[in-house]
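Hello,

Here is the structure I promised to hand over. Please open it first, then read the notes below.

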Amino acid sequence: MRVLDWNSLEEAARQDVLERPAQAVGEEVSAAVADILATVRERGAVAVREYTERFDGVVREELLLSQAEIAAAVAQVPAAVREAIAAAASAIRTFHAPGGYTPYAVDVTEGLVCERVVRPVRSVGLYVPAGSAPLPSTALMLGVPAVLAGCPEVLVCTPPTADGGADPAVVAACAEVGIDRIAVVGGAQAVGLMARGDAGAGIPRCDKIFGPGNTFVTEAKRQVAGMQGGPGIDLPAGPSEQLVIADAGANPEWVAADLLSQAEHGPDSQVVCVSDDRALLERLATEIEAQATELPRAATVERALTASRLVLVADLDQAVEVSNAYAPEHLILAVREPRVLLEGVTAAGSVFLGDHTPESLGDYCSGTNHVLPTSGAARFTGGVTLASFQLSMTVQQATPQGLAAMGPTAVALARTEGLEAHARAVTRRTGEVPA
């Protein structure tokens, strides 16, 4: 990786530096996903079984795991891993529990009360990646708040293993949070199935779909959310990305490890380091190269690093400007005064302060959620919370006195807009003679 001097680049070159690799294959992916979704929409679980055989090499008649399969999978997970899953679930519950919508009621005027009431989303689908790197942590990140919110129907979809089952650690994570409806299906076809439902296969039609995934999964979520009557989605959670702002005092060994921890997610992941110290960036380039060769997923890392960047800026304020323009999924502030720098951060999915807060904590067990906005979506949305699994509804009730007090306001505005039927819905109650 070579060092790029931000202040020597033209505007177009700066945009190239901040471009995600997945954007370059957008049209091709969109067309492929549209075809898959159309087929699943028409043929349901039958099409999903065919896609599972085609893409995963697995033939499975029943898409849902049986209780016996769940128990057998959990039994395969070492006790130490089950203990780690339980500890992480506890931390996630602790952080998420206070984060839901708060119901409230106010007397707008005498005789008119307005309220917000909170309800769980009726049916939710949780996508848990399990391709080259199974992610039981994602089952926890999605399952804990779904269960805390009290969603009546919770479905997990996760890609099959070579033997036709589901990854045992993913199943153990689901069991830990109390989810036993687990469909062995991955990719865009899983998203299509959750959006459509298939009663014969035991798959509910989901009102909202959650979860990260590769470019195909992310595009499938985008497309089903745009369909008439389609489900909601949590956020654009695509290929993983991370930006580190580092000063001269940062430890290049640690920063390299942080960058590589995200690069190993997949070949379309992207990592960026922005610093005001050229010497640090040059040492970092050497350190990344050395550490990358030691990793079991070195080939994946190597491909991800082709779209990754080391960027030299004039000062840390400019580093924050670059970061805000990029709007990273994960932002590490490897600087001497991270809380001072945090004040200027306006767009990031999750922020990690200081030298001793690796992003890995957030991925697994700090308690915050790792399902976060990617592709610049942190400019307008945050990550998954308990509130993501809830609906807030407004309620109002007026007495005759309240209607008499506020009714004339409604009548005046309705007539200003030329909507006389709106006005008469009030005046017929208050006894006003129509004009």
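A term first: a residue counts as buried when its relative accessible area is under 20%, as exposed when that area is over 50%, and as partly exposed in between. Please also keep in mind that this is a predicted model.

Salt bridges

The structure holds 15 salt bridges. Three of them are described here.

Start with Glu153 and Arg181. These two form a salt bridge, and their closest N and O atoms are 3.9 Å apart. That passes, because the cut-off for a salt bridge is 4 Å. The pair connects distant parts of the chain, 28 residues apart. Glu153 is in strand S5 (residues 153-158). Arg181 is in the loop between helix H7 (168-177) and strand S6 (182-184). Glu153 has 25% relative accessibility, so it is partly exposed. Arg181, at 28%, is partly exposed too.

Next come Arg336 and Asp247. Their salt bridge has its closest N and O atoms 3.1 Å apart. Arg336 lies in the loop between strand S12 (330-334) and helix H14 (338-342). Asp247 lies in the loop between strand S9 (241-246) and helix H10 (252-263). The pair therefore ties together parts that are 89 residues apart in sequence. Are the two partners buried or partly exposed? Arg336 is partly exposed, with a relative accessible area of 43%. Asp247 is buried, at 9% relative accessibility.

Then there is Glu420 with Arg415. The closest N and O atoms of this salt bridge are 3.0 Å apart. Glu420 is partly exposed at 28% relative accessible area. Arg415 is partly exposed as well, at 31%.

Some salt bridges share partners. Through them, Arg122, Glu153, Arg181 and Asp207 are joined into one network.

Cysteines

How many disulfides does a search of the whole structure find? The count is zero. Cys365 is in no disulfide. For Cys365, the nearest cysteine sulfur belongs to Cys174 and is 19 Å away. Cys365 is partly exposed, at 37% relative accessibility. Cys273, by contrast, is buried, with a relative accessible area of 0%.

Best wishes

Technical notes
Residues are numbered from 1 along each chain as its sequence is written. This is a predicted model: local features need pLDDT of at least 70, side-chain atom pairs count only at pLDDT 80 or more; totals for chains, interfaces and linings use all residues. Side-chain values use heavy atoms; hydrogens and water are left out. A salt bridge is a side-chain nitrogen of Lys or Arg within 4 Å of a carboxyl oxygen of Asp or Glu. Helices (H or I, at least four residues) and strands (E, at least two) are DSSP runs, numbered from the N terminus. Buried means under 20% relative accessible area, exposed over 50%, partly exposed in between (1.4 Å probe, protein chains only). A disulfide is a pair of cysteine sulfur atoms within 2.5 Å.
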